[in-house]
Amino acid sequence: MSGRVNLLLPEVRANPYPTYAELRRSPVCQVDPGGYWVLTRHDDVVAAFKNPQVFSNIGMRVATKPAWLGHNPFADSMIGMDPPNHGRLRSLVNRAFGPSALARLEPRVRAFADSIVARLPEGTPVDFVDAFSLPLPASVIGELIGLDPTQHHLFKRWADDLTSISAIGPRPERETPRMEEIRATVKETEQYMGRVLASRRVEPRDDLVTDLINARVDGESLTDTELMNFMFLLLVAGLETTIHLMSHSVRVLMERPDVLERLRADRSRIPRFLEEVLRYEPPVQAIMRVTTGDTEIRGVTIPKGSPVALMMGAANRDETHFAGADAFDMDREGTNNLPFGHGIHFCLGAPLARLEARLGLEALLTRFARLTPAGPLKWNQSMTVRGPVSMPVVAYAE
Ligand code: HEM
């Protein structure tokens with residue numbers, strides 16, 4: 001491949017898969033912005049996830065706390081840590097996302113989904129990101145970390161800003177207004193979360209924030225900084241990702257009315273449909289690492305200290321792993337967990353995200369028989385997550 005590919009060009013953003021196919025032919029190379037080394041073949045991505053000794057999660061910290069930003073509690077959360085610190089913090093929140101916690105949450109998620117779908121207009125265009133994809137994950141994450149349900153758009157803006165740090169890159173040539181906006185968002189989010197933490201200390205509730213305040217690691221409670229880092233992690237990891245899963249699902253249903261009809265006839269196929277959406281259009285396209293030593297892969301040496309992007313978006317279309325990888329085929333056999341990562345940082349919220357998307361689609365397909373595009377999509381800008389920021393749709397009951 002000659003010259004570096006820029007993964008954030010509008011045409012690549014709109015459809016990155018032909019570029020990924022090219023990258024898989026020179027599977028260890030560098031891209032822009034940021035000069036990331038990318039791994040694009042399925043086996044290489046999985047092997048890197050399994051080897052945190054060489055592919056360190058400090059890469060997540062470096063990517064999300066560049067010098068121009070200076071401060072970002074998300075970057076300092078456990079997603080930017082290696083063992084043993086990572087394990088110590090992760091064990092604290094595991095239970096909050098386990099099967100019994102999820103079973104308790106399910107009726108609430110279903111009630112949110114039903115009322116969100118009941119409010120959708122019939123036969124007139126509406127931005128589905130705003131009206132369908134956003135409110136469900138925002139309501140759920142709001143319950144978990146105590147956010148005001150009337151402020152969903154604020155949280156979406158924060159999550160958007162915090163996931164677009166990687167699009168600016170580590171060393172921009174000059175200061176831009178966008179950089180100041182993101183710095184202001186970090187401050188605003190921190191002040192809001194600080195108020196939530198302070199109010200739970202005075203008035204404990206039956207929620208995750210109160211559980212975190214009361215948690216003990218090796219006999220000690222979490223510091224205020226550690227609590228703040230967790231809140232940022234849950235907001236960023238839990239919101240933007242799930243919104244994109246819901247939007248990609250709707251996109252597929254618009255392109256494939258035959259699939260929509262099948263799902264309406266048999267709702268038990270929805271989980272299988274979602275697994276294929278996660279493979280075909282993974283909300284998280286890349287996860288960042290940094291190499292702890294010189295590392296040779298397929299004859300190419302990645303030097304010590306290099307930023308590396310594990311490209312799940314490309315790995316999920318690897319023909320050597322998925323026959324007919326560029327086709328959407330909901331009858332594909334087997335489980336593919338790669339969209340949620342692999343190894344010690346495997347997504348804590350995977351079962352919750354699957355639950356939200358399933359109940360959201362069940363409600364949508366109960367009310368509507370047809371979904372059609374009503375205008376062009378606008379794509380977000382990020383090296384990690386990919387999804388529309390707006391998506392005009394008309395929904396019909398017949
Ligand atoms: C479709 C939706 C989602 C996708 C595709 C997704 C994807 C991922 C991926 C790829 C990672 C691995 C990061 C790494 O290896 O460095 C991750 C980690 C994580 N996710 Fe998710 N996620 C989703 C939804 C959620 C939700 C709903 C929550 C919680 C409310 C959540 C919480 C987390 C947390 C806390 C981590 C960090 C785990 C650790 O560092 O040990 N995610 N997610």
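Author: A donor is an N, O or S atom within 2.8 Å of the metal. Keep that cut-off in mind for this predicted model.

Reader: What makes Cys-347 a donor to the iron atom of the ligand?

Author: Its SG atom is 2.3 Å from the iron. The cut-off is 2.8 Å, and S atoms qualify, so Cys-347 counts as a donor. The protein supplies a single donor, this one. Water is not among the atoms, so the site may look incomplete. Cys-347 itself lies in the loop between α16 (312-315) and α17 (350-367).

Reader: Which residues come nearest to the ligand?

Author: His-86, Arg-90, Arg-289, His-345 and Cys-347 do, out of 29 residues around the ligand.

Reader: Where does the ligand sit?

Author: In the largest cavity. The elements that give two or more residues to the shell are α5 (85-94), α13 (224-255), β7 (286-291) and α17. The most come from α13, with six residues.

Reader: What is the make-up of that shell by class?

Author: The shell has 19 nonpolar, eight polar and two charged residues. Cys counts as nonpolar and Arg as charged.

Reader: Why are β4 and β14 called paired strands?

Author: Pairing needs at least two bridges. β4 and β14 (residues 392-396) have two, in the antiparallel sense, so they pair. Val-126 stands opposite Val-393 in β14. Asp-127 has Pro-392 as its bridge partner in β14.

Reader: What makes β11 and β14 a pair?

Author: They share four bridges, also antiparallel, and the rule asks for at least two, so they pair.

Reader: Why are β4 and β11 called edge strands?

Author: The sheet is open and has three strands, in the order β4-β14-β11. β4 (126-127) and β11 (370-373) each pair on one side only. Hence the name edge strands.

Reader: Which peptide bonds are cis?

Author: Two can be named here. The bond joining Asp-32 and Pro-33 is cis, with omega about -5°. Pro-33 is in the loop between β1 (28-30) and β2 (37-39). The bond from Pro-83 to Pro-84 is also cis, with omega near 0°. Pro-84 is in the loop between α4 (58-64) and α5.

Reader: What makes Arg-298 worth a mention?

Author: Its phi is near 50°, a positive value in a residue other than glycine. Most residues other than glycine have a negative phi. Arg-298 is found in the loop between β8 (295-297) and β9 (300-302).

Definitions and conventions
Residues are numbered from 1 along each chain as its sequence is written. This is a predicted model: local features need pLDDT of at least 70, side-chain atom pairs count only at pLDDT 80 or more; totals for chains, interfaces and linings use all residues. Side-chain values use heavy atoms; hydrogens and water are left out. Donors are N, O and S atoms within 2.8 Å of the metal (3.2 Å for Na, K and Ca); water is not among the atoms, so sites may look incomplete. A residue is near a molecule or strand if one of its heavy atoms lies within 4 Å of it. On a 1 Å grid over the protein atoms alone, a cavity is a set of points where a 1.4 Å probe fits but cannot get out, and a pocket is an open set with protein on both sides within 12 Å along at least five of seven lines; lining residues have an atom within 4 Å of a point. A molecule sits in a cavity or pocket if more than half of its atoms lie within 2 Å of its grid points.
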